Every structure is written in C-alpha cells, then in structure tokens.
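Please look over the sequence and the model shown below before reading on. The report then takes up selected local features in turn.

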Amino acid sequence: MYQWRKFDFFEEKKIKIPEEIEGGIQCCSSGRGRIVLGSQDGTVSLLDRSLQLQRSFPAHSASVLLLQQLKQRNFLVTVGEDEQMPPQQAAICLKVFDLDKRQEEESSSSSPECLQILRIFTNQFPEAKITSFVVFEEAPPIIFIALGLDNGCIYCIQGDIARERIKRFKLEVDSGQPGQTKSAITGLGFRVDGQAFQLFAVTSSSVSLFNLHAQTPTGQTLDHIGSETVSVAMSDRLELIIGRPEAVYFYEVDGRGPCWAFEGEKKFLGWFRGYLLCVIADQRTGKNTFNIYDLKNRLIAHSIAVQEVSHMLCEWGTIVLIMADKSALFIVEKDMESKLDLLFKKNLYTVAINLVQSQQADAVATAEVLRKYGDHLYSKQDYDEAMAQYILTIGHLEPSYVIQKFLDAQRIYNLTNYLEKLHEKGLASKDHTTLLLNCYTKLKDVDKLDLFIKSEDEHKFDVETAIRVCRAANYHEHAMYVAKKSGKHEWYLKILLEDLDRYDEALQYINSLDPSQAGLTVEEYGKILVEHKPKETIQILMRLCTEEGESAKGGTFITMLPSPVDFLNIFVHHPQSLMEFLEKYTNKVKDSPAQVEIHNTLMELYLSHDLDFPSLSQTGSNENGDLGTNRGSNAAATTSRTESNGNVLSDDAIEEKYRKERRRKGLILLKNAWPAEQEQPLYDVDLAIILCEMNSFKEGLLYLYEKMKLYKEVIACYMQAHDHEGLIACCKRLGDSGKGGDPSLWADLLKYFGELGEDCSKEVKEVLTYIERDDMLPPIIVLQTLSRNPCLTLSVIKDYIARKLEKESKLIDEDRIAIEKYQEETSAMRKEIQDLRTNARIFQLSKCTACTFTLDLPAVHFMCMHSFHQRCLGDNEKECPECAPEYRSVLETKRNLEQNSKNQDYFFQQVRSSKNGFSVIAEYFGKGIISKTNKGSSEAIKPTNDYSNGSF
C-alpha cells in the first residue's frame, strides 16, 4: 500500500450549507440533480448544485431518521418519528412524498403531497432499532424497501406503496452458531443482474446473500466475518464492498473476492466512476483522511485530510462530503488532459497509458500518450521499446512520423518491424510497401521476403508496388509469384520477356489464359514475341482469332472473336510475319467482319517494293541480333552483298523473284476479293489504286480500272507505256458498244496517234478500220486529228477517204431521190386540198362501207369518199370509222413530238447517244418540232368530217 503513488487528479471546493437548516443533519440522499437533507427536527431540505436551499418542508413531527431520493420518479421516501401518533402505536413510520405535487396551504411555501404513510412496526413485525436502509426502484410504480434492524432481521416492503398495494416479509440473517445472539444489520445492498434480484446483508459477524426473485426468498452465508461499522457500499460491477480496519474486501455472489490492505478504521466507503472512495480514521493521530483509490492502476488519485465527516454523496459528477460542522466539500475530477500533463511532467508515461486505457478514453487520446512515451524512449535511445510503443499507435498516428525517425541504416530492423505491422493491419500505402521490400532486399532476408510475398492475405500490400520493387532488386521469381497469384498477367509476361528472355515459357503462359486476357497480353507484348518466336506467336494469334481450340468447343460466333486488325501493330517491324499470319487467317476464315481491313493490309504487303524476306531477315539477325528493324530492299541487298562477298546478282534475282511472287498474290487478291456478283469489292478501291500507282503495278491498275469501267484510264495506262499493240487490243475489247463497251475509245486512240509525233501508219490504218466500221467520226474530224502528226502521209488515209467519199456520194443520190419523191407527194396533196376547197365532191358508192349492203337513205358520206348507212355509224357520225384510227395515230404522234420538244433532257440525251448528232437535230426540224413558223395555217387545211344528208 505504501508503494502506491499519490497524485492530485481531483480538486476540492468547500461550500457552507445554508444557515436556514437549523437542526442537526440526521441523514441525506442525492438524485435528480439535488441533495436532500433530513434534520433532527423533522424537516427535509432540498439543495441545488450550489447548495442553495430550494425549499424545505416538515416531513415528520419529531425527526427524520432515514431518507432516499428515487431516480426514476421524483419521489422521496423518508423514515422518521412522529410524536402525534397514539402512544400505543410505534412512533416510527415511512412516508412517500411526490415532489412534483404540492399541498395547497395558507402559507406561501407548500409541502409536497404525501402519497402514503406506513407504519413500519406492527404486531407481526415487532419494533427494533433501524440500522440500515436501502430502496430499489423496480418497474414503476413498484419499489422495494429493505430496513436492517439491530436484531439481525430485515423488514422488506414491496409494491405500489402510494396505493398501499404492498407485500411485507421478513428476512433473518443466520448468525452461524447456535445460541449466539444475532448481530445488528450494518449494511445492505441490492444486486440486480438480468433476472437475478439479490440482496447483500452485512452484520458484524457475517456476510449473507438473499435471492429475492424466488417465490420464497432464500439466503446463504458468504463469509462469517462481517463489519462493525456502516462502511458498506456497492461497486458498479455489482460487488459488495466492506471496510474493515485491516483492509477493504470485495464480495461477489460466490463469496469473498479480492481485498486491498488499506489500514485504518473505515468510516465511510463509496464508489465513484471506477474509483474507491474511503474515509479512514488514523487511530494513532485521530485524524481523518479522505482517499480516492484507482484500483486498476494501483495509485491514489487524490488524498486530503478532512474534519469529521457525517455523510458522503455523489451527484453532478462530483463527490460531496457533508461535514459535522455543516460545511460541504466538493471534490471534482480533473479533465483527462490535465491529468496527463501532470504525468508527462513526471515522465510517468506507463501510468498515463494505464490511466487512459482504464478510463476507456478514445483511441486518438490513447495513441497520443503512446506517441509521447515512444518519443521519450527514442530520446533515451531505447529504440526497441520506442518502436513497441509506436506500433501500438498504428491506425491513429501518421506512419511517416515514425518512419522518418528510423530511416537510419542502423535502425532498419525496427523500421522493418513497424512496416510489417502496418501491412498486417492493412493500412500500408504503396510507398510503405516499397520501403518494406527495400528493407528486405537490403537485409537480404529472403525468408521474410518469402513470408511476406507468399502470404495468404492478398490485401495487405499493393501488388504492383511489390512487383516493381522485387523486379528492380532482381528478385524476379518473387515478382513473378506475386504477379501470377494476383492475376497481373502483363507484369508476369513483362518479367519473362524483358528481364529473363524466357520466350517459350511466356508463350505457354499466354496459352493458359482465357482468350480475352490472352488477346490483351499479346497486344501488349506481341512485338517481342514476334521478334523472337514468330511462328509460335502466329499460332497463338490463329487460335485467338479463329474458332480453333476452346472457342470452337464453346460454339463462339466469329463476330465475338478478336479481329486480326487488333494485332497489326505488333508486326510493325516484321511485315513478312504479318503477311504469313494474314494469309493463314484469310485461308481459314472467309467471312470475317474485318475482311476489308485485312485485304487492305495484305494488298499493301503484296504490292510494297521493300518488304523484308525471310532469308534476308535471318541473315541480318545472325549478324547483329536485331530482327526488329524493317530494312528496305536496298539495305537487304547491301547486307547480303557484304556477307556473300560479291554475290550481288544472285541476291537481286532472289529479291526480284519474291517481289514477282507477291505481286502475283496481290493480283489474285484483287480479283478474288471482287466477285462478279458484287458491285463493290472487299477492299478499299481507292487505296488499291494508290498502292498500284505508287508501286508501278500495271496489271493491278488495269484490272481495277476495267472493273470500275474507267476505260479511258485503262487506255491511258497503255498510252503511258507506249504499248501500241496492247492499246489496240484493249480498244477492241472495251470499245465494242454491243458488249457494253465505250466506242469513244477509238476516237481517243486516234487522237493519241495523231499527237504521237512518230510513224504509226500500221496502227492508224487498223484504228481507221474500226472507226469506219462503226461510223464513229466524220471524215473531216479524222483528217483534222491525223494532220497533227507530221510523220503520217496521205497514203495512210487515202483508201479511207475514198471509201467515205463514195459512200457519201451514194447517200447524196439517195437523198436527192427521196427529196424528189417528197416534193411530188407534197404537190399532189396541195392539189387535192385545193380541189376540196373549190370543187364539189360526187359520191358514187352504192354500197355501205361497213356492212357492204346496198346503200339506202338515210346515208352518211365522208370527204374521204367512204359512205355508210346511218344505222351502221351509230352515235359516231363525225368521223369515218375507216380513216379515224389512222388520223388519230397521226395526231398522237404529232402531240408526242410537240411534248418532247419541251423535254430538253430527252433531246440532248438523243443527241449524245446518236452516232450523228446532227441527224437528230435535222429530224426535229424536219418534223416541225422546233420550227419557229406559225401553226395557224395548219388549221386551214384541217380536213372536215362533216356529212351531208341528201335525198336521192
């Protein structure tokens, strides 16, 4: 006991009790924010927090012996003496006051309403001196009152006292020895734990426990040593506390518990917020000391010498000592910060830690104390213990604060320990992981590194950071383990390919992945794989992009598979491998969604001039190990020339052979990817034309122009190459209008020969043959065109001109004969019209034109010399049935011609499509469609269809 430290964790304040309280203080109680005092004159006084008198009232006529302020309801239970009661009855009674209600009286101050008055002693419960008094509030309005007597009995009153619905019973404490006088009850205490409702009873010779929840209460003796004084209290852990001169004892339901050897007579005991309150009288000096014990931390939180104490209470979070001289001592606990400052000044960090932990302070406050303790130990160079304290602050103290202190290489073990704990609690950042792994590598502690890396807890460190650090420290196996376990495929392959050059293992790993993940990894690391393992890489790509392997088993649609276009970038330095891959793919997959892009790429590879070839690439790799450079044909030839010691021609021949082979494949691709039944090809036509022109691929260019019906561009190619034979053959094939060709090509060909500037008599004669056959150009145009070539003589076109002149002469003669015929017919028509206008017509037909019977009246005669019975005409009497169809067809033809004359598009279309446009214009003039003459005269010669009715 004498080894316990003393501290001033509390501070005192002395207050005088109001002078209005005149009588001696017999008893007191606290609750509901007030202190209640019972005086010897029977008055009850209510005091507030500043010990100011709120009110007082006479509770008993003689004196107040005991009282209790209830907590749940504002009720006051008092036990006192009343002189006015009949002499034959006991003078001690129990009263219950409702402090919220008052009795209206004449005086200005009114007493609270007294709900009930009970006689404590009756015939069944004989009178004795009351030595202890406790009240327990059950579910309102039920209360339980226990009165300890000097005869060893306990009178119990249970129920609704206000309505006098109560139950009385008596408990007797066993003295322990037969015939021994029963001792007085010196202390009582209720214990309620769940359904258990128990009562501790203390006498001078025993400690007993009664079970009150049973129908018939039963008791048991816990100890045969009691207490002579009333120094009895209950702890917040439902333990009974008894003070004896030699020690303070704690009792639980199963008997005596721990004891604390505090010497001296215990006048008062109490329990306050985990502290043991004790007023001890020193028998040698006769002085009283008030001590506050912190039993958990084994220290005296406060100690003060006091005068004679009459009562001890706890209210408002304050300990209140009522002195015999009617003064009060308020003892208030200091705040946690003040207590800790006091301990820090004395460097009592362990006490501070225990204090904050015992008082259940928040974790931040506890961490702050631990930090200060750690700083104190660090300043004393006790690094191990300092780190132990810092580790306890993890989660509340910024890790950088601790890490900065232990960055010295001599303290790397402590730093490693801290970082390990930080990762165990899942509070480590990427930087912490980096630092911890660097510590392991600096210490070369492979076992700890294995334990950390291969831990089952996947969330205690940042995976990418761990991989990066292990890789930088050349712990490749550890980095690969973490990458594989966490599914970081890109890191796993990066280490295999870039650090370890284990290409076969990388390919096997990619094969083990699911197709989607394998596709992503190939996109990222395909360049390295193609560089070192082109065939194997192409096999993987074929598996991914086609229905081979697992995808075929699952019935995957082709649209769900990755496209070869996604992997084109990995072949950027290896066009030969790209060509092989795309050829395999197109041979296997015929309806790929990306076939246009694939064909475009293949076409570019086939038609390019400087593609590397397998033999040359291998030669270059044997020399410098660099397969990633895309060399042109000149560079390849230079390399082979250096290695073959002058065997340049042979290499050039090989190169030219491969170039021709690729162009052959390119032409096949151009043809096969443009089926006859499709209007558009399965590649970009514009790109194909550009590639053919850039690489001087004449065959492909001619095929594309011909497919696109750009016949003039086709012959332009032949013209540019001065291929006269091919040019004429092309015009024969494409200039036949009967087969959908363009006859105007012959005119362009003639123009070409006319501007050639060299002797091409043979070709011109052949061209003139086809022009003459189809009558494409007038002779004058032919002469004008060929006259520009100074190398051509008149003999070239002599026969042509003679035949054309002879033919023209025949046409002129035929036209002259036709003109004479039309003139004769015109004269005859004019004469007939004049005759109709001036002379009478004699109708001599004797038979009806319609029915061929003899003509009789009434009859109808038309100017066309046809006669009909009127009955044969029916309703149509204005037109001759025989001539009307022909006449109507002429009118309809004329009407159509006039309408067509207004349709300019149709007119020009006829002019363009005709071999001789002038003939179309002449026809329109001849038919009067575009004539400017007035139409009025036509009406004058319009024949009439009127008939005359004559009587013969």
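Predicted model: local features only at pLDDT ≥ 70, side-chain atom pairs only at ≥ 80, totals over all residues.

## The S5–S6 hairpin

Strand S5, which covers residues 43-47, and strand S6, which covers residues 53-58, run antiparallel and are joined by five bridges. Among the residues involved, Thr43 has Pro58 as its bridge partner in S6. The two strands form a hairpin with five residues between them, and within that turn Leu51 has a positive phi of about 60°.

## Two packed helix pairs

Two packed helices are described by the angle between their axes and the distance between the axes. For helix H6 (residues 412-424) and helix H7 (residues 430-443), the axes come within 10 Å and cross at roughly 140°. Angles over 145 degrees would count as roughly antiparallel and those from 65 to 115 as roughly perpendicular, and H6 and H7 are therefore oblique to each other. In this pair, H6 passes H7 in a left-handed crossing.

## Backbone geometry in loops

A cis peptide bond, with omega about 10°, joins Pro140 and Pro141. Pro141 lies in the loop between strand S11 (130-137) and strand S12 (143-149). Another cis peptide bond runs from Leu857 to Pro858, where omega is near -5°, and Pro858 is placed in the loop that lies between helix H28 (795-838) and strand S30 (859-861).

Glu164 is a residue other than glycine with a positive phi, the value being near 60°. Glu164 is found in the loop between strand S13 (153-160) and strand S14 (165-172).

## A nonpolar patch on the surface

Which residues form a nonpolar patch on the surface, and what accessible area do they have together? The patch is formed by Ile780, Ile781 and Leu783, which together have about 230 Å² of accessible area. Of these residues, Ile780 has its place in helix H27, which spans residues 779-786.

Key: Residues numbered from 1 in each chain as written. Heavy atoms only, no water. Patch = residues over 30% accessible without salt bridge, like charges linked within 9 Å, V, L, I, M, F, W, Y side chains within 5 Å. Areas by Shrake-Rupley, 256 points an atom, 1.4 Å probe, with all protein chains shown as cover. Salt bridge = Lys/Arg side-chain N within 4 Å of Asp/Glu carboxyl O. Helix = DSSP H or I, 4+ residues; strand = E, 2+ residues; numbered from the N terminus. Pairing = 2+ DSSP bridges. Axes fitted to C-alpha atoms, helices over the stretch in contact; angles between N-to-C directions. Parallel < 35°, antiparallel > 145°, perpendicular 65-115°, else oblique. Left-handed = near helix turned anticlockwise from the far one by under 90°.
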